[in-house]
Every structure is written in C-alpha cells, then in structure tokens.
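Dear colleague,

Please find below the sequence and the structure that I am handing over to you. My findings follow directly after them.

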Amino acid sequence: MAHKLFVYGTLKKGHRLNFLLQKGKFMGKYETVDSDFRMENYFDAFPVVYRDPEGKKIKGELYEIPTAVYEQVLAMEKGAGYDIIMIQIQEMDDKSTEQAIMFIYPSTQSISPGKQPLVKDEGCTMEWVRVSW
C-alpha cells in the first residue's frame with residue numbers, strides 16, 4: 001500500500017532527511033489548501049508547523065511512499081512529538097488537489113525559536129528554506 005505524504009521541512013529535496021524518502025516517488029510541489037497553519041524555526045534545526053486561526057498556507061512537496069518508509073517516518077515524527085493529520089493540498093502549477101498525510105505540532109507552548117531567518121513568509125504562504133549541513 002502506498003501512502004501520500006506532504007513534507008515541508010527536513011524531508012524535502014535538498015534537505016538533510018530526504019534520503020528517508022528514496023524508495024518513494026516525488027509527486028511535485030504542493031501547498032496546503034487551508035490557510036490556518038503557522039511555521040516556526042525550531043533552534044535553527046527544523047520547522048515546526050501548528051494550527052493558527054490567523055495562519056497561512058504551507059508550501060512543501062508530495063511523496064508517495066511504501067508502508068515500510070511510512071512506518072519509519074511515522075516513528076521519527078511521533079517520537080519528536082508531532083501529530084498526524086489528513087489535509088487537502090494543491091499542486092503549485094495546475095492547482096489539482098490531493099489528500100495527504102501531514103505532521104504538525106500539537107501546540108506552541110514548547111517551541112523555542114531559532115535565530116536564523118529560515119522560514120520564508122510570502123504573504124499568504126510560508127516555506128522552510130534550505131539549510132546547509
């Protein structure tokens with residue numbers, strides 16, 4: 001069984017954990033349909049996305065991944081305190097929509113902001129920008 005996973009941070013192409021998705025298929029660049037998310041830079045290491053009624057859309061990538069890869073990513077993300085949600089996303093060019101899994105942080109209480117400007121705010125959308133390691 002294949003799982004559709006929307007990623008917005010260290011799992012994206014060019015970022016340090018993308019190797020985990022090697023056995024999956026890159027489906028393209030997408031953004032969330034809903035604009036009730038906020039993205040923060042956590043200690044300059046990775047982004048944290050959480051719900052915010054005054055939030056924005058999140059830009060990211062869609063992957064279709066096998067169950068074994070999904071279980072590995074699930075263990076990592078759940079271990080880091082993230083929740084799983086199903087979201088509607090739209091392709092950046094043709095605006096076609098998909099249903100996908102996304103990991104979000106349950107609250108903002110324990111977020112410690114980083115110092116580098118790694119979250120690009122584009123008005124109605126937010127995106128994590130590349131970090132060199």
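The accessible surface of the protein amounts to about 7100 Å², and carbon and sulfur atoms account for 50% of it. Please note that this is a predicted model. Of the 133 residues of the protein, 47% count as buried.

The secondary structure consists of 1 helix and 9 strands. Starting at the N terminus, the order of the elements is β-β-β-β-β-α-β-β-β-β. Among contacts between residues at least 6 apart in sequence, 70% join residues that are at least 24 apart.

Strand β5

Strand β1 (residues 2–7) runs antiparallel to β5 and is joined to it by 6 bridges. Within this part of the structure, H3 has I65 in β5 as its bridge partner. Strand β2 (residues 25–32) also pairs with β5, in the antiparallel sense and over 6 bridges. Here Y30 stands opposite G60 in β5.

K25 belongs to strand β2. Between K25 and L62 there are 37 residues of separation in sequence, yet their C-alpha atoms are 8.5 Å apart in space. Leaving aside neighbours within four places in sequence, the residues in contact with K25 are L62, Y63 and E64.

Aromatic pairs

How many aromatic pairs does a search of the whole structure find? The search finds 2. One of them is formed by F26 and Y63, in an edge-to-face arrangement with 5.5 Å from centre to centre and 65 degrees between the planes. Because F26 lies in strand β2 and Y63 in strand β5, this pair ties together parts that are 37 residues apart in sequence. The two partners may be described by their accessibility: F26 counts as partly exposed, at 31% relative accessibility, whereas Y63 is buried, with a relative accessible area of 4%.

Y82 and Y105 also form an aromatic pair, which is edge-to-face, with 5.6 Å from centre to centre and 80 degrees between the planes. This pair links distant parts of the chain, 23 residues apart: Y82 is in the loop between α1 (67–79) and β6 (83–91), and Y105 is in the loop between β7 (97–104) and β8 (119–121). Both Y82 and Y105 are buried.

The nonpolar core

The largest nonpolar core contains 32 residues, and the members with the most contacts inside it are F6, L21, I58 and M102. Two or more residues of this core come from each of β1, β3 (37–42), β4 (46–51), β5, α1, β6 and β7. Which element gives the largest share of this core? That element is β7, with 5 residues.

A backbone detail

K95 is not a glycine, although its phi is positive, at about 65 degrees. This residue is placed in the loop between β6 and β7. Is K95 buried or partly exposed? With a relative accessible area of 43%, K95 is partly exposed; the limits that apply are under 20% for buried and over 50% for exposed, so a value in between is called partly exposed.

With kind regards

Conventions: Residues numbered from 1 in each chain as written. Predicted model: local features only at pLDDT ≥ 70, side-chain atom pairs only at ≥ 80, totals over all residues. Heavy atoms only, no water. Pairing = 2+ DSSP bridges. Helix = DSSP H or I, 4+ residues; strand = E, 2+ residues; numbered from the N terminus. Phe/Tyr/Trp six-rings, centres within 6.5 Å; stacked < 30°, edge-to-face > 60°. Buried < 20%, exposed > 50% of the residue type's maximum accessible area, 1.4 Å probe, protein only. Contact = heavy atoms within 4.5 Å. Core = buried A, V, L, I, M, F, W, Y, C linked by side-chain atoms within 4.5 Å. Areas by Shrake-Rupley, 256 points an atom, 1.4 Å probe, with all protein chains shown as cover.
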